[in-house]
Amino acid sequence: MTFPTRRLRRLRRTPALRRLVAEHSVTVDDLVAPLFVKEGLTGPQPILSMPGVMQHTQESLRTEVRALRDLGVPAVILFGIPSAKDGRGSAADDPDGVVQVALRNLRDEVGDSLVLMVDTCLDEYTDHGHCGILTPAGEVDNDDTLDRLRSICVAQARAGADVIAPSGMMDGMVGAIRGALDDAGFDDRLVLSYAVKYASAEYGPFRDAGECAPQFGDRRGYQMDPANAREALDEVLLDIDEGADMVMVKPALSYLDVIAEVRSVVNVPLAAYHVSGEYSMLKAAAANGWIDGHQVAWEHLVSIKRAGADIILTYLAREIAEELNG
Ligand code: PBG
């Protein structure tokens, strides 16, 4: 053989060749669109820190979900913002709570042509903004919170949710939810655990959208320390043991090593959440003309696939799906 061989250059010569030898791709089938629905709005409300993302009314949510379904997006995940919050997040399991109403409407609208996922957590529903019930000392009580999650997941399943996605990082949350669903006759509903959720500042814009910033302290007592990777395996293996059907790593880009590591030890479908801050950083830089937002969006998503995720939750879902359909 003579050197240089130019073998690698030959493989990259034309767009068709590059397409042929691509190891990974992003397709519409990989995408889950996160959507916010807020009680008491008179019209959809743009979220300033997340250009292109809205807090929806029940009406505008229906329209958006129909459009996503028509584009071939297989799933959405819903976040509800109630008009009244209290210490125990009472609206979260109210049969007429904002997310339950949305689930019933959407089930009616799209039947089984789209997977309805729902975030199962208390932070959008509590007046203190924490993901659980507080002790008198102001700590999140793990087991009191599990009791609330048992009731919330059943209300969500009854309203039509296909997939319950607990995001509160309580120990034992998957087992508690699986048990409650089975006992209530919902053994056909899935649990997608936010198994590996870091205490990340990249959730900042989401807290505007979900109106759920903690009113004191932070979430480091229950979410993971960004310094830890081995602990992620502990989290996913426990959740699978407790009955998780799918697991998630969140955020995505700062934790691609964790996605790859988790992929190498689990066989259940693996999701990654390209979170609000990742989306907003991309949009802000693109709006300033500092990066090509379109190209960077593709790089973000394909890198998440390359790391090993099967499913990507992303606020880019609609624009990417439009492009793939175009
Ligand atoms: C909690 C929840 C959060 C996100 C999803 N579920 C916020 C948090 O933990 O503070 C963040 C998602 C994002 O940033 O896009 N219900």
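Keep in mind that the model is predicted.

Let's start with the whole chain. It has 12 helices and 12 strands. Its radius of gyration is 20 Å, close to the 20 Å that the globule rule gives for 326 residues, so the chain is as compact as a globular protein of that length. The C-alpha atoms fill a box of roughly 75 × 45 × 40 Å along the principal axes. Of the 326 residues, 53% count as buried.

Now, two contacts across the sequence. Take valine 28, in the loop between H2 and strand E1. Its C-alpha atom is 7.0 Å from that of leucine 324, yet the two are 296 residues apart along the chain. Is valine 28 buried or exposed? It counts as buried, because its relative accessibility is 12% and the cut-off for buried is under 20%. Leucine 149 sits in helix H5. It is buried too, at 3% relative accessibility. Threonine 120 is 29 residues away in sequence, but 7.2 Å away in space, C-alpha to C-alpha.

On to charges. Side chains of opposite charge can pair when their charged atoms come close. How many salt bridges does a search of the whole structure find? The search finds 20. Here are some of them.

Aspartate 93 meets arginine 148 at 2.8 Å, N to O. The aspartate lies in the loop between strand E4 and helix H4, and the arginine in helix H5, so the pair ties together parts 55 residues apart in sequence. Aspartate 93 is buried at 17%, and arginine 148 is buried at 6%.

Next, aspartate 123 and arginine 219, at 3.2 Å, N to O. This pair links two loops, 96 residues apart: one between strands E5 and E6, the other between helices H7 and H8. Aspartate 123 is buried, with a relative accessible area of 5%. Arginine 219 is buried, also at 5%.

Now look at aspartate 218 and arginine 220, at 3.6 Å, N to O. Aspartate 218 is partly exposed, at 42%. Arginine 220 is exposed, at 67%. There is also a network of salt bridges, linking Arg62, Arg66, Asp108 and Glu109.

Last, the surface. Arg6, Arg7, Arg9, Arg10 and Arg12 form a positive patch. Arginine 12 is in the loop between helices H1 and H2. A nonpolar patch is made of Leu8, Leu11, Leu20 and Val21, with about 360 Å² of accessible area together. Valine 21 lies in helix H2 and is partly exposed, at 40%.

Notes: Residues are numbered from 1 along each chain as its sequence is written. This is a predicted model: local features need pLDDT of at least 70, side-chain atom pairs count only at pLDDT 80 or more; totals for chains, interfaces and linings use all residues. Side-chain values use heavy atoms; hydrogens and water are left out. Patches are made of residues with over 30% relative accessible area and no salt bridge: like charges are joined within 9 Å, nonpolar side chains (Val, Leu, Ile, Met, Phe, Trp, Tyr) within 5 Å. Accessible areas come from the Shrake-Rupley method with a 1.4 Å probe; for residues, only the protein chains shown count as cover. A salt bridge is a side-chain nitrogen of Lys or Arg within 4 Å of a carboxyl oxygen of Asp or Glu. Lys and Arg count as positive and Asp and Glu as negative; His and the chain ends are not counted. The place of a charge is taken as NZ of Lys, CZ of Arg, CG of Asp or CD of Glu. Helices (H or I, at least four residues) and strands (E, at least two) are DSSP runs, numbered from the N terminus. The radius of gyration is taken over C-alpha atoms; the globule rule is 2.2 Å times the number of residues to the power 0.38. Buried means under 20% relative accessible area, exposed over 50%, partly exposed in between (1.4 Å probe, protein chains only).
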